[in-house]
Amino acid sequence: MRLSARVDYALRAAAELAVAGSHPVTAVQLAEAQQIPPKFLENILGQLRRSGLVRSQRGPEGGYWLARPAEQIALADIIRAIDGPLLGVRGERPEHVGYEGPARSLQEVWIALRASERAILERVNLAHIAEGKLPDPVRALTEDPSAWESGSLI
């Protein structure tokens, strides 16, 4: 899986907002905290706002904050808001692509790959990131990346 710089920045900014709670944080503060180019971040925050993941207020007491509790915003929500579906093949959902001959089973691989990405990215939320407490199955994969082969994880 390849994550764009936009997604990386969005996830980092959202983690900062999760720590801030209901207190507005300016784009400049977020940019400085995570070393993100400010203009780039403003565009990303606009996308997150239009997607209903963050709220904003202008003025001296303004800034950005999460639209829902951090526990209710999965990493997958942010990725989809910035880059669209988690896994596409030539811009299509894996169910809508087809191959012939020996490549036929590639479609099943793409569907399984998307399912495994979703199993992690929909399970991990901003509260997990902000608190540094990943769910046990995800933590186990970081400690032993081959653990999924046993079928006991995720």
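Two strands count as paired if DSSP finds at least two bridges between them, and strands themselves (E, at least two residues), like helices (H or I, at least four), are DSSP runs numbered from the N terminus. V54 stands opposite L66 in β2, and four bridges join strand β1 (residues 54-57) to β2 in an antiparallel arrangement.

The structure is a predicted model, in which local features need pLDDT of at least 70 and side-chain atom pairs count only at pLDDT 80 or more, while totals for chains, interfaces and linings use all residues. Residues are numbered from 1 along each chain as its sequence is written, and side-chain values use heavy atoms, with hydrogens and water left out.

Within the hairpin, five residues lie between the strands, and G59 takes a positive phi near 110°. In a regular strand the side chains alternate between the two faces of the sheet. Strand β2 (residues 63-66) has G63 and W65 pointing one way and Y64 and L66 the other. All four are buried (under 20% relative accessible area, with exposed over 50% and partly exposed in between; 1.4 Å probe, protein chains only).

Turning to the helices, α4 (residues 75-83) has L75, A76, I78, I79, A81 and I82 buried. These buried residues pack against α1 (5-20), α3 (38-50), α5 and α6 (126-131). Just after α4, G84 takes a positive phi of about 90°.

Helix α5 (residues 106-121) holds R114, which is buried, with a relative accessible area of 10%. Leaving aside neighbours within four places in sequence, R114 is in contact (heavy atoms within 4.5 Å) with L87, R93, P94 and E95.
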